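Subject: Model handover and notes

Hello,

Here is the model we spoke about, with my notes below it. Please look through them with the structure open.

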Amino acid sequence: MDVNAGSPKLLQLIGFPHPATWPQGLIIAINALAAEWTLIHDQTAAPDADEYRPHNSWLDSLFRCLDRALYGRADSATLTAKLESVPPAGPLDTATTLLAYTATGAKQQALLRKQAILYIEYEGLALGHINDAARDRLAIPGATLAAKVWSTDGYNAQLLFHGELDMDHRSLCKSTTLIAAKVPALLRGALARQALPTAAGLPQPRATQAPRSATHLFLRLLRAIIKKLLWRDQWRLEIFTHTEDSPTQARFSHVIAPPASDFWADPFLVKIKNRLWLVFEALPFSTGKGNISAMELTPDGQPKSAPQIVLDEPWHLSYPFLFTENEQTYMIPDASMSRQLYLYRCGDDPLNWEKLAPLISDQSLADATLIRYQNKLWMFASHGDRGASMDDTLHIYMADQLTGPWKAHSLNPVKIDARSSRPAGNMWISKDGNLHRVAQDCSTVYGGATVCTRIVKLSETEFEEEIVQAWGSEYNTASTPWHTFNQLDGIQVIDRLQISSRYRS
């Protein structure tokens, strides 16, 4: 199923300097665009002037050298995209999308060509300064990077799409790569909204903060090195109980801890033949590849059986989303590394699964979460292009039946916001009829927190949601992050990150 059918095929680059002078962030972005569009480098327009002065102290240079050595060389990217040229006297194809290098260049060329032209800004900086924009936001707690796609006719500029992009706050190199690889998703979001009177689904506002000093970044990187050498992240499961159908009534009960050799995360609950089961991701540190495991629980959430591996594939598995329809239980685990979204059917119990056909192919979709709402099945999933983050981009698909066909939402990506995009557990309809979902806040770190949203608009052509303030405070009994929430029959389960010694036996 090609969920990107209908995307524009021609993208004309206007006012871009000679490729030999392109900074590495721009090279990564252009390579990403070339995977989806035929690129035309229009050399008839003079290169746009660009006067931004980047950070260039000696300590900044030292930080960047150490960063490259530890986290990868984003600055070693080479241009692989094929750039077509435009004959100077050739007419413009009105079906071609025009992308300018700067806002000034876009306005000038729009007046000359009498055609709307797009441009992208990162924290107010031009497309060629992805690296510098990332540097200005790096290591600020909870900081995302604002990316805006504008359209101008030369007289007025219209905001088409605004994303709050995910960053890896340990590394400028990794952040630059993640941000640059997100350019195709930003353009898709903008083009899907060109006919709308105003930009749809704008992110929640955020406060601006001054960039961190080079000293701060350097010391933070040294702390990250020490942590990586001595410690590792280990997820465990926590059980809560409640007496009312409201998360605000939850009380902590107990921990279900993994062995020192594994972490356990992404817990889901299911009841089959009056037996309560916990299904979750188990990842042995020795392999770094997750499988799906299950254990039976007592009615109060205590382990009743030892965990067993119930699903293992050649690729990494996680987030075993469970869905029951017509008294049959199904599972859709995260298999994004395979670029297939597989459906599995449960046998007599969650220890036995049968693989069915993939629901969506040739897409990297993570943490797919389904709900039947208003006589239609809706799927919410995190999406990532090659090399881009999976933690900030939300796609929606719809179908009449579980096996499909699944249709992509007309506004995909419906949002790009690292603070509230990636699904974090089952959705539910509250007593007042409102549809809610839980999502990860990855603005500081992956799985750093969990938020609840109330969906205000949902149709084949609309989507809007708002944050439910103060939700989840009863699970914040520790300063460590948690990133999955599910509940069933008075039992609630979350996963929580613990820091454990690499040398613990």
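Two strands are said to pair if DSSP finds at least two bridges between them. Helices (H or I, at least four residues) and strands (E, at least two) are DSSP runs, numbered from the N terminus. This is a predicted model, in which local features need pLDDT of at least 70 and side-chain atom pairs count only at pLDDT 80 or more, while totals for chains, interfaces and linings use all residues. Residues are numbered from 1 along each chain as its sequence is written, and side-chain values use heavy atoms, with hydrogens and water left out.

Overall

The chain has seven helices and 28 strands. Of its 505 residues, 56% are buried, where buried means under 20% relative accessible area, exposed over 50% and partly exposed in between (1.4 Å probe, protein chains only). Taking contacts between residues at least 6 apart in sequence, 61% join residues at least 24 apart, a contact being heavy atoms within 4.5 Å.

The sheet with β8 and β27

Strands β8 (residues 231–241) and β9 pair in the antiparallel sense over five bridges. Within β9, V255 is the bridge partner of E238. Both strands belong to an open sheet of four, ordered β9-β8-β28-β27, with antiparallel pairing. Its edge strands are β9 (251–256) and β27, each of which pairs on one side only. From one strand to the next the twist averages 30 degrees. Helix α7 (residues 214–230) packs on this sheet, where it touches β8 and β28 (491–501), and its direction makes about 75 degrees with that of β8. For these angles, axes are lines fitted to C-alpha atoms (for helices over the stretch in contact), and angles run from 0 to 180 degrees between N-to-C directions.

H483 lies in strand β27 (residues 482–488). H483 counts as buried because its relative accessibility is 2%. Its side chain makes a polar contact of 2.8 Å with the side chain of D495 and another, of 3.3 Å, with the side chain of T484. A polar contact is a pair of N or O atoms within 3.5 Å; within protein, one must be able to donate a hydrogen and the other to accept it, and residues adjacent in sequence count only if both atoms are side-chain atoms. Leaving out residues up to four places away in sequence, H483 touches W235, A265, D266, A424, Q440, Y446, G447, T450 and D495.

Other strands

A further open sheet of four strands has the order β14-β15-β16-β17, and its pairing is antiparallel. β14 (318–325) and β17 (353–361) are at the edges with a single partner strand each, so one side of each has no neighbour in the sheet. Neighbouring strands of this sheet are turned by 25 degrees against each other on average, direction ignored. Strands β15 (residues 328–334) and β16 (residues 340–346) pair in the antiparallel sense over two bridges, and Y330 has R345 in β16 as its bridge partner.

β25 and β26 form a hairpin with four residues between them. Five bridges join β25 (residues 449–458) to β26 (residues 463–467), and the two run antiparallel. K457 stands opposite E464 in β26.

Cores and buried helices

The largest nonpolar core has 50 residues, and those with the most contacts inside it are F16, I30, L33, L99, Y122, L127 and L187. Such a core is a set of buried Ala, Val, Leu, Ile, Met, Phe, Trp, Tyr and Cys residues joined through side-chain atoms within 4.5 Å.

Helix α1 (residues 24–34) is largely enclosed by the rest of the structure, because nine of its 11 residues are buried. Among them are G25, I30 and L33.

Helix α5 is mostly covered, with seven of its nine residues buried. At its start, a side-chain oxygen of S171 reaches to within 3.2 Å of the backbone nitrogen of C173. T176 is located in α5 (residues 172–180) and counts as buried because its relative accessibility is 2%. Not counting residues up to four places away in sequence, T176 touches G25, I130, N131 and A134.

Regards
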